[in-house]
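Reader: Before we discuss the fold, could you please show me the model?

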Amino acid sequence: MGKSKIALNVVGSVLSFSIMVLIVIVVLRTGKTAYDMGYRIFTEPAMEETPGQDMTVQIKEGMSPLELGNLLEEKKLVDSGLLFMIQLFVLDYDDKLKPGTYTLNTSQTAKEMMQVMAEEEIEETEE
């Protein structure tokens, strides 16, 4: 009976250790993914170098931020419609965009496009 108890303790210890390793791996991967997404929100570059290509985009009344992001992704103005939607909320443009037809360029960053669609002055950034 002593050997079976020892074997059971060993199996229990190995199982506990395996579960802890699995938890650490999941936490690290989740953290890396969250960091990468957070980094991209503030540093996502334009799709193309200047001069880029002009694209016409129409924002319709009642269009959701995700629909707009997906439209911009289809037109190759942004890499990810979901990321654009998150940027809208983080940069506080979610309620500032106005319906209308806009000419955007593939050399513009997401923030520059938001400024155009909110009809704001575009701030020049140093590169």
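**Covering of α4**

Author: The cover over the buried residues of α4 includes β1, α2, α3 and β2. Here a helix is a DSSP run of H or I with at least four residues and a strand a run of E with at least two, numbered from the N terminus. Buried means under 20% relative accessible area, exposed over 50% and partly exposed in between, with a 1.4 Å probe and protein chains only.

Reader: What kind of model is this, and how are residues numbered?

Author: It is a predicted model, where local features need pLDDT of at least 70 and side-chain atom pairs count only at pLDDT 80 or more, while totals for chains, interfaces and linings use all residues. Residues are numbered from 1 along each chain as its sequence is written, and side-chain values use heavy atoms, leaving out hydrogens and water.

Reader: How many residues of α4 are buried?

Author: Six of its eight residues are buried, namely Ala-110, Glu-112, Met-113, Met-114, Gln-115 and Met-117.

Reader: What follows α4?

Author: Glu-119 follows α4, and its phi is positive, near 55 degrees.

Reader: Turning to Leu-72, which residues does it touch?

Author: Leaving aside residues up to four places away in sequence, Leu-72 touches Val-57, Leu-77, Val-78, Phe-84, Leu-104 and Met-117. Contact means heavy atoms within 4.5 Å.

Reader: And which residue classes line the second largest pocket?

Author: Its lining has seven nonpolar, two polar and six charged residues. Ala, Val, Leu, Ile, Met, Phe, Trp, Tyr, Cys and Pro count as nonpolar, Asp, Glu, Lys and Arg as charged, and the others, Gly among them, as polar. On a 1 Å grid over the protein atoms alone, a pocket is an open set of points where a 1.4 Å probe fits, with protein on both sides within 12 Å along at least five of seven lines; lining residues have an atom within 4 Å of a point.
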